[in-house]
Amino acid sequence: MKKQIINQTFDEERSLYNLIDSEVLNCIFAGEADGESVLKECRGVEVKNCKFSLRYPLWHANKFTLKKSSMDELTRAPLWYCDNGAIEDCDITGIKCLRECKNIVVNNSDIASAEFGWRCKGANITNSKIDSVYFLFESKNVEIDNLTMTGKYSFQYMKNLHITNSNLDTKDAFWHSKNITVVNSIVKGEYLGWFSENLTLINCKIIGTQPLCYCKNLKLINCEMKNTDLSFEYSDVEATINGHIVSVKNPKSGTIAADSVGEIIREDAIMKCDGKVLLREQEVTKIA
């Protein structure tokens, strides 16, 4: 049976350092001592119904579970260098949560954390709400389902990301990313996907100015585009769009098929641009 630590308050530095195979239940990590790293280097620990208000509470944790707990704005950088952990039913507002972690599950949680999830490898995020800046910067091998995300500059320099059934309200998403697939989702923001490689959007609604420029091997399948002017500039693209595109500018290669396009701009290109724009079976070769 695991050791249990119940209904206690800790505020000293490294209060439960190197805790192993234990349950921490209904505890409070806060107080005048203002100690940091209260659960550093823990292993095989389940933390449940706890409240955190101290810096760096979970660093270098391995095989941990954080359930039904809260981390307020004073828990700066609450989880770093952690492996094989789960965050479930939690409310987290500490800045820079989750950095350089491996194999982390986030489920049914509400997180407001600038710089969330930097340089992580292997993450699964489901049924959650996250507000962040530079969300998941330089992370790899991430699965996301049913996420409501708000913020700026998300998913930059990522590799191997799969998103389904999500609502993403974010500026400059997917810049310099590789091997990204987004399915059945809404993606709202300015300058979506610039300089990406192998970005695929399926059954998605794309909203915002100047999306999907300078892309390599870009694919849009059965998507909708709203308020998307100056789209696809210098991109290698294959796209099937349901409805209207405000404007398309200098696609580098491939074919863009849509019901209608407000304007097709072929001017001032700095490279050879042979991309085709089709209005459902009819090729358009001049400004509409």
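This is a predicted model: local features need pLDDT of at least 70, side-chain atom pairs count only at pLDDT 80 or more; totals for chains, interfaces and linings use all residues.

Q: Is Cys90 buried or exposed?
A: Buried. Its relative accessible area is 4%.

Q: And Cys223, what is its closest cysteine sulfur?
A: That of Cys204, at 5.0 Å. That is also too far for a bond, because the cut-off is 2.5 Å. Cys223 is buried, with a relative accessible area of 1%.

Q: OK, step back. How many helices and strands does the protein have?
A: Zero helices and 29 strands.

Q: What box do the C-alpha atoms fill?
A: Roughly 70 × 30 × 25 Å, taken along the principal axes.

Q: What share of the residues is buried?
A: 48% of the 288 residues. The accessible surface comes to about 12800 Å², and carbon and sulfur atoms account for 44% of that.

Q: Now the strands. How does strand 15 pair with strand 16?
A: In the parallel sense, over eleven bridges. Strand 15 covers residues 121-133, and strand 16 covers residues 140-152.

Q: Which other strands pair with strand 15?
A: Among them are strand 13 and strand 14. Strand 13 (residues 102-107) runs parallel to strand 15, with five bridges joining them. Asn107 stands opposite Thr126 there. Strand 14 (residues 110-112) also pairs with strand 15 in the parallel sense, over three bridges. In that pairing Ile111 stands opposite Ile130.

Q: Further along, what pairs with strand 23?
A: Strand 21 does, in the parallel sense over three bridges. Ile202 has Ile221 as its bridge partner in strand 23. Strand 22 (residues 205-207) runs parallel to strand 23 too, joined by three bridges. Lys205 stands opposite Glu224.

Q: How many bridges join strand 23 to strand 24?
A: Four, and the two strands run parallel. Leu218 stands opposite Val237 in strand 24.

Q: Switching to loops. Where is Ser53?
A: In the loop between strand 6 (51-52) and strand 7 (58-59). Ser53 is buried, at a relative accessible area of 17%.

Q: Which side chain does Ser53 make a polar contact with?
A: That of Asp72, at 2.7 Å. Leaving aside neighbours within four places in sequence, Ser53 is also in contact with residues including Phe29, Ala30 and Leu74.

Q: And Gly193, where does that sit?
A: In the loop between strand 20 (186-188) and strand 21 (197-202). Gly193 counts as buried, at 0% relative accessibility.

Q: What does Gly193 touch?
A: Not counting residues up to four places away in sequence, Gly193 touches Ala173, Phe174, Trp175, Leu199, Leu212, Cys213 and Cys215.

Q: Last topic, aromatics. How many pairs are there?
A: The count comes to 21 aromatic pairs. One of them is Trp80 with Tyr81, which is edge-to-face: 5.7 Å centre to centre, 80° between the planes. Trp80 counts as buried at 13% relative accessibility, whereas Tyr81 is partly exposed at 30%.

Q: What about Phe195 and Tyr214: stacked or edge-to-face?
A: Stacked. The ring centres are 5.0 Å apart and the planes are at 25°. Planes under 30 degrees apart count as stacked.

Q: Which parts of the chain does that pair tie together?
A: Phe195 lies in the loop between strand 20 and strand 21, and Tyr214 in the loop between strand 22 and strand 23, so the pair ties together parts that are 19 residues apart in sequence. Phe195 is partly exposed, with a relative accessible area of 33%. Tyr214 is partly exposed, at 30%.

Q: Which aromatic cluster do they belong to?
A: The one formed by Trp175, Tyr191, Trp194, Phe195, Tyr214 and Tyr234.

Definitions and conventions. Residues are numbered from 1 along each chain as its sequence is written. Side-chain values use heavy atoms; hydrogens and water are left out. Two strands pair if DSSP finds at least two bridges between them. Buried means under 20% relative accessible area, exposed over 50%, partly exposed in between (1.4 Å probe, protein chains only). A polar contact is a pair of N or O atoms within 3.5 Å; within protein, one must be able to donate a hydrogen and the other to accept it, and residues adjacent in sequence count only if both atoms are side-chain atoms. Contact means heavy atoms within 4.5 Å. Accessible areas come from the Shrake-Rupley method with a 1.4 Å probe; for residues, only the protein chains shown count as cover. Rings of Phe, Tyr and Trp (its six-membered ring) pair if their centres lie within 6.5 Å; planes under 30 degrees apart count as stacked, over 60 as edge-to-face and the rest as tilted.
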